[in-house]
Amino acid sequence: MDHAILKVTTKILFAPIILFALYVQFHGDYGPGGGFQAGVIFAVAFILHAFCFGLEATKKALPQKALIIAMVIGLLFYAGTGVATMLLGANLLGYDAIDPESTHHAGQHYGILLVEWGVGVTVASTMLTIFYHFTGRERDIDQEDW
Amino acid sequence: MNFAEQLPVLPVITPLILAPVTLLLPQGRAPHLFATFVSWLTFAACAFLLAAVSDVGVISYHLGDWAPPLGIEYRIDLANALVLMLVSGIAAVVFPFAYASVRLEIDERQSTFFYCAMLICMTGLLGVTITGDAFNVFVFLEISSLSTYALIAMGARRDRRALTAAFNYLVMGTIGATFFVIGIGLLYQATGTLNMADLHDKLAGNSSRVVGAGFAFIVVGVGLKLAMFPLHLWLPNAYAHAPSAVSAFIAATATKVAVYVLIRFFYSVFGFDFAFEAAAFTWVLLPLGLAGMFVASFVALFQEDVKRMLAYSSVAQIGYMLLGLSFATVEGLTATLVHVFNHALMKGALFMAVACVVFRAGSHSIDAFAGLSKRMPVTTWAFILSGLSLIGVPLTVGFVSKWYLLEAAFAAGHWYAGFLIVASSLIAVLYIGRIAEVMLLREPHEEGRYAIPAKDAPLSMLIPMWVLVGANIYFGVRTGLTVDIATRAAEALMLTAGGAP
């Protein structure tokens with residue numbers, strides 16, 4: 001089946017969805033939003049792509065292996081921020097250490113931005129991994145493969 | 001970075017940060033070596049922490065430099081330092097042990113995920129223990145439980161029943177966690193705080209229905225997690241069908257950490273001012289502890305599967321811990337803490353011995369143990385020595401905990417409980433004796449399914465197992481080490497709870 005309208009609409013929507021995800025991501029420290037929501041919206045763009053073009057096409061664009069690496073990188077980004085603040089002399093995730101000179105706690109602002117970026121990357125890749133596994137399931141696994 | 005100042009957070013973030021890195025390693029030996037290295041690092045951090053706590057007393061660490069009660073606080077006293085040592089110590093022994101066993105039982109392609117899940121499970125258990133924030137306990141409890149469900153399900157390669165066992169545990173564990181978080185929610189509603197020390201202050205004198213309901217929810221929720229006698233139904237199948245190394249790790253740590261959480265809530269969050277706490281001791285923990293000791297031991301007696309037998313024995317041993325707790329005295333609490341530590345040593349060693357048998361015989365049914373002393377003598381004697389420890393023979397850790405438990409029972413005026421402790425130990429003699437008889441006196445199978453070559457498990461399994469067996473004897477002879485820490489921890493807890501010292 002070839003739905004031209006759906007395919008064209010998806011192609012038009014794809015970029016704005018990702019743009020919106022980035023907006024939610026970077027808006028998260030001042031208003032509603034943040035890494036979790038942004039990660040899900042980001043993943044939605046690819047899920048929509050999979051709905052219209054098939055899972056195989058999406059997997060070609062964003063392979064499972066890359067997702068696992070993204071998951072790890074996101075988590076390490078978060079934890080790395082925490083360790084960085086420790087190395088700068090504060091406690092774990094003590095963001096003030098990032099910009100100790102600031103009079104209005106700018107360090108808190110940078111810190112949460114960095115951490116949320118890690119959250120966003122991990123959530124997006126985890127959402128997609130779950131989606132890949134649920135939709136990619138074809139039949140029961142053979143007894144031999146366990 | 002000031003190492004001493006940052007020490008309290010290291011036991012949690014070391015495995016947490018390094019766990020995902022295992023996913024990036026190539027399959028094969030690398031994930032195992034890396035995970036073992038991480039577990040040793042964590043163990044070292046916990047050892048430094050115990051030494052520090054023992055010197056300076058309670059250590060408080062403020063995450064993100066947010067002062068408690070608003071921020072999350074890690075609060076380490078002797079009680080949780082002891083449990084931290086226990087969890088990280090068992091991990092440091094089980095991780096090197098796991099390689100051969102896991103390679104046999106788990107698909108090579110899953111090995112990176114396996115070690116990652118093991119490290120995350122360990123993170124969760126350590127986090128539950130270290131934190132001084134009630135909601136943080138829930139978060140870490142879920143981290144450890146979720147990874148445990150996955151680890152148990154990985155046993156499905158050998159036996160598909162691992163999937164139903166894991167699913168059962170998932171359902172029961174989730175109900176437990178839900179009850180626990182409802183309880184925390186009710187306490188939050190009543191006090192507006194989640195920090196344990198602050199909860200203790202604000203709850204004082206407030207024995208409203210909301211607080212009472214919160215207490216009940218927490219007891220039932222944690223009761224499910226620690227397999228309190230009638231809530232233990234998930235445990236035998238989960239332990240029996242999990243991969244052998246996982247059984248050894250979670251049997252030695254997961255329920256012990258849940259017992260610790262119960263102690264923490266009974267003594268540090270609530271206290272003896274609450275009438276419902278005394279009622280819970282007399283009408284819930286005491287009878288259920290006693291019932292668990294007997295019913296579970298009896299069921300263990302008739303198991304055809306050695307892992308299931310040990311799992312039921314664990315339920316019985318948790319009965320001892322609840323019993324010690326229910327006396328509400330320093331002696332009782334000391335006995336419980338000592339038994340938490342000692343039981344982990346013996347159950348860890350026993351499950352590791354079974355893992356060695358599974359490695360060679362491919363089964364944990366009692367038939368596979370026939371004549372084992374002629375086939376795998378080193379494993380057989382490890383099993384028998386730790387079995388003696390489970391029974392409570394002098395010069396082993398089991399004797400130490402039973403001794404303190406008996407003393408506590410008589411001191412608290414529950415003399416009948418003292419006799420029941422001895423009586424239920426006799427059942428342990430029977431079920432361990434049954435296996436010992438099969439191993440020592442039966443002739444090994446010459447042919448058929450259970451015929452095994454006269455070859456012991458590889459050294460990579462034997463050495464960690466004997467380290468744990470050695471610990472069973474070492475801490476059984478040098479009783480001062482654990483008992484001293486446990487007594488001081490119990491006195492401090494009792495002081496917070498407002499009971500007689």
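Biologist: What pattern does chain A follow when it is read along the sequence?

Modeller: Helices (H or I, at least four residues) and strands (E, at least two) are DSSP runs, numbered from the N terminus, and in this predicted model chain A follows the pattern α-α-α-α-α, with five helices and zero strands. Residues are numbered from 1 along each chain as its sequence is written, while chains are lettered from A and ligands numbered from 1 in the order in which they are written.

Biologist: How is the radius of gyration of chain A to be read against the globule rule?

Modeller: The radius is taken over C-alpha atoms, and the globule rule is 2.2 Å times the number of residues to the power 0.38. For the 146 residues of chain A the rule gives 15 Å, but the radius of gyration is 19 Å, so chain A is more spread out than a compact globule.

Biologist: What share of chain B counts as buried?

Modeller: A residue is buried if 20 or more other C-beta atoms, placed from the backbone, lie within 10 Å of its own, exposed if 12 or fewer, and partly exposed in between. By that count 61% of the 501 residues of chain B are buried, and buried residues make up 34% of the 146 residues in chain A.

Biologist: Which residues touch the most other members of the largest nonpolar core?

Modeller: A nonpolar core is a set of buried Ala, Val, Leu, Ile, Met, Phe, Trp, Tyr and Cys residues joined through C-beta atoms within 7 Å. The largest one has 231 residues, of which B:Leu82, B:Ile152 and B:Met465 touch the most other members. Helix α14 (residues 330-361) of chain B gives the most to this core, with 22 residues.

Biologist: How many residues does the contact take from chain A and from chain B?

Modeller: Two residues are in contact if their C-beta atoms, placed from the backbone, lie within 7 Å, and here 18 residues come from chain A and 18 residues from chain B. The side of chain A that touches chain B divides into 13 nonpolar, four polar and one charged, where Ala, Val, Leu, Ile, Met, Phe, Trp, Tyr, Cys and Pro count as nonpolar, Asp, Glu, Lys and Arg as charged, and the others, Gly among them, as polar.

Key:
This is a predicted model: local features need pLDDT of at least 70, side-chain atom pairs count only at pLDDT 80 or more; totals for chains, interfaces and linings use all residues.
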